[in-house]
Amino acid sequence: MAKNEIYLSCDVETDGPVPWPYSMLQLGAAAFSPEGDMLSTFSANLRELEGGKKHAETMRFWSENQAIYDATRENLEEPKEAMLRFDAWLADLPGAPVFVAYPAGFDFTFVYWYLINFVGSSRFSHSALDIKTLAMVAMRSSYRGASKAKMPASWFSPAPHTHVAVEDAIEQGELFFNILRSLGLGPAS
């Protein structure tokens, strides 16, 4: 018998556009039941990869958001330690994790790379659910037409987008379930 799916809204903060030579600085995740109830959260600040680089454009963004960047450099964990802790957290969830992100192509790439390199496997397999693609379907628009600026305000949490990974993971998890509800697929409000 298959386990229930648990929707894992994940967000990462990084020092570049791709894993290696760039590093994941912060990982945040929020686990949601199929009914849309938040079950628990995970957060870690990771040390940069040994021998890695910093991407100039990404670091320009961080220089304009120095306090948020500085917060990603507090209470640092070695990448292996953080990813083993993340994997154990995933294992303790009451269902099979489904990776959810906005955009999934970015966040999943980092999380998957780190899991494979530091844990040896990924409980997500190769699967990631992209919130923007779901919005495209709900809005009956093109992919590029499904930008956040064009999405209905009712889909969004009143909480600001902070670039604190766990807070952004919670925010995008709420967005995911609001889009599902608009499609008649999610739990009733």
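Ground rules. This is a predicted model, in which local features need pLDDT of at least 70, side-chain atom pairs count only at pLDDT 80 or more, and totals for chains, interfaces and linings use all residues. Residues are numbered from 1 along each chain as its sequence is written, and side-chain values use heavy atoms, with hydrogens and water left out.

Start with the sheet. How many strands form it, and in what order? Six strands form an open sheet, ordered β4-β3-β2-β1-β5-β6, with mixed pairing. Strands here are DSSP runs of E, at least two residues; helices are runs of H or I, at least four; both are numbered from the N terminus. Two strands count as paired if DSSP finds at least two bridges between them. At the edges stand β4 (76-77) and β6 (129-130). Each has a single partner strand, so one side of each is left without a neighbour in the sheet.

Now β1, residues 5-14. Nine of its ten residues are buried. Buried means under 20% relative accessible area; exposed is over 50%, and partly exposed is in between, using a 1.4 Å probe and protein chains only. β1 pairs with β5 (residues 96-101) in the parallel sense, over five bridges. There, glutamate 5 has alanine 96 of β5 as its bridge partner. β1 also pairs with β2 (residues 24-32), this time antiparallel, over eight bridges. Valine 12 is bridged to leucine 27 in β2. Further out, β3 (residues 38-46) and β4 pair in the parallel sense over two bridges. Leucine 46 has glutamate 77 in β4 as its bridge partner.

Next, the helices. Two of them lie across β1, β2, β3, β5 and β6: α4 (residues 104-118) and α6 (residues 165-182). α4 runs at about 90° to β1. α6 runs at about 40° to β2. Axes are lines fitted to C-alpha atoms, for helices over the stretch in contact, and angles run from 0 to 180 degrees between N-to-C directions.

Take α3, residues 79-91. Its buried residues are Pro79, Ala82, Met83, Phe86, Asp87, Trp89 and Leu90. Seen down the axis of α3, they fall within an arc of 160°, so they line one face of the helix. That arc is taken over the directions from the helix axis to the C-beta atoms. Their cover includes β1, β2, β3, β4, β5 and α4.

What about α4? Buried there are Ala104, Asp107, Phe108, Phe110, Val111, Tyr114, Leu115 and Phe118. Down the axis of α4, the buried residues fall within an arc of 165°, so they too line one face of the helix. They pack against β1, β2, β3, α3, β5 and β6. Just after α4, glycine 120 takes a positive phi of about 100°.

On to the cores. A nonpolar core is a set of buried Ala, Val, Leu, Ile, Met, Phe, Trp, Tyr and Cys residues joined through side-chain atoms within 4.5 Å. Which residues touch the most other members of the largest one? Leu8 and Phe86, out of 28 residues. Elements giving two or more residues to this core are β1, β2, β3, α3, β5 and α4. The largest share, seven residues, comes from α4. There is a second, separate core of 18 residues, including Val98, Val100, Ala146 and Leu180.

Finally, two residues. Tyrosine 7 lies in β1. Is it buried or exposed? Tyrosine 7 is buried, at 15% relative accessible area. Not counting residues up to four places away in sequence, tyrosine 7 touches Ala30, Ala31, Phe32, Ser33, Pro34, Val98, Val100, Phe176 and Phe177. A contact is heavy atoms within 4.5 Å. The C-alpha atoms of tyrosine 7 and valine 100 are separated by 6.5 Å, yet the two are 93 residues apart along the chain.

Valine 98 lies in β5. Valine 98 is buried too, at 19%. Beyond its neighbours within four places in sequence, valine 98 contacts Glu5, Ile6, Tyr7, Leu8, Phe124 and Leu129. From valine 98 to methionine 24 is 74 residues in sequence and 20 Å in space, C-alpha to C-alpha.

Methods: The expected span of a helix is 1.5 Å times one less than its number of residues.
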